[in-house]
Amino acid sequence: MELYDCINFIMTRSQTAVNSYFKNMLLPFDVTPIQYSLLKCLWQADMQMPSQLAQTLLADASTVTGVIERLEKKELVVRLFNREDRRSICVCLTEKGRALQPAIEAAIQQANAAVTRGLSAQEVALFKKQCVQLMENSKQQ
């Protein structure tokens with residue numbers, strides 16, 4: 001098989017290019033794509049446990065913990081400890097984190113439109129469906 005015919009090569013190069021584009025779009029907000037993803041989860045439902053965030057993001061707990069720590073340093077989220085059980089933590093948005101939502105959401109919409117330029121809505125939907133199928137196929141192996 002030729003290198004450029006290998007689905008892994010094509011997807012890796014595509015993901016790198018798209019991630020770089022999104023990273024540049026989020027640069028003015030001092031937020032990375034994975035930090036955006038975690039913020040998006042909290043914008044949809046504030047006060048979540050790290051395990052819930054990890055499950056939603058399909059990420060391991062240590063990755064999510066690192067993202068939370070970096071967002072906390074930026075004062076975009078706080079961790080609240082349960083008074084009865086200090087092992088139980090909830091991640092919550094700060095006002096600063098909540099205030100970023102409109103501008104970041106606009107940048108993300110703009111980035112999505114830019115990277116899917118030239119594709120119809122049906123083609124984008126089919127692409128998403130095919131990516132899910134590739135993920136499912138990869139789990140079965």
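Helices (H or I, at least four residues) and strands (E, at least two) are DSSP runs, numbered from the N terminus. This is a predicted model: local features need pLDDT of at least 70, side-chain atom pairs count only at pLDDT 80 or more, and totals for chains, interfaces and linings use all residues. Residues are numbered from 1 along each chain as its sequence is written, and side-chain values use heavy atoms, with hydrogens and water left out.

**The whole chain**

Colour by secondary structure. The protein has seven helices and two strands. Read from the N terminus, the order is α-α-α-α-β-β-α-α-α. Now show the C-alpha trace. Along its principal axes it spans about 55 × 35 × 25 Å.

Buried means under 20% relative accessible area, exposed over 50%, and partly exposed in between (1.4 Å probe, protein chains only). Contact means heavy atoms within 4.5 Å. Of the 141 residues in the protein, 27% are buried. Take the contacts between residues at least 6 apart in sequence: 52% of them join residues at least 24 apart.

**Stop 1: Tyr 21**

Select Tyr 21, in helix 1. Tyr 21 counts as partly exposed because its relative accessible area is 33%. Neighbours within four places in sequence aside, Tyr 21 contacts Ala 111, Ala 114 and Val 115.

**Stop 2: helix 2 against helix 4**

Two packed helices are described by the angle between their axes and the distance between the axes. Axes are lines fitted to C-alpha atoms, for helices over the stretch in contact, and angles run from 0 to 180 degrees between N-to-C directions. Select helix 2 (residues 33-44) and helix 4 (residues 61-73). Their axes come within 10 Å and cross at roughly 90°. Helix 2 is therefore roughly perpendicular to helix 4. (Angles under 35 degrees count as roughly parallel, over 145 as roughly antiparallel, 65 to 115 as roughly perpendicular and the rest as oblique.)

Show the side chains where they meet. Helix 2 brings Ile 34, Gln 35, Leu 38 and Leu 39; helix 4 brings Val 64, Val 67, Ile 68, Arg 70 and Leu 71. By type, this contact has seven nonpolar residues, one polar and one charged. (Ala, Val, Leu, Ile, Met, Phe, Trp, Tyr, Cys and Pro count as nonpolar, Asp, Glu, Lys and Arg as charged, and the others, Gly among them, as polar.)

**Stop 3: Cys 41**

Stay in helix 2 and pick Cys 41. Is Cys 41 buried or exposed? Cys 41 is buried, since its relative accessibility is 6%. Leaving out neighbours within four places in sequence, Cys 41 touches Gln 48, Leu 53, Thr 56 and Leu 57.

**Stop 4: two loop residues**

Most residues other than glycine have a negative phi. Select Met 47, in the loop between helix 2 and helix 3 (50-57). Met 47 is not a glycine, yet its phi is positive, about 60°. Go on to Leu 58, in the loop between helix 3 and helix 4. Leu 58 has a positive phi too, near 55°. Leu 58 counts as exposed, because its relative accessibility is 75%.

**Stop 5: Arg 79**

Move to strand 1 (residues 77-81) and select Arg 79. Arg 79 is partly exposed, with a relative accessible area of 25%. Beyond four places in sequence, Arg 79 is in contact with Ile 68, Glu 69, Glu 72, Ile 89, Cys 90 and Val 91.

**Stop 6: Ile 104**

Select Ile 104, in helix 6 (residues 101-115). Ile 104 is buried because its relative accessible area is 0%. Which residues does Ile 104 contact, leaving aside its neighbours within four places in sequence? They are Leu 26, Phe 29, Val 31, Tyr 36 and Trp 43. The C-alpha atoms of Ile 104 and Phe 29 are 7.4 Å apart, and the two residues are 75 apart along the chain.
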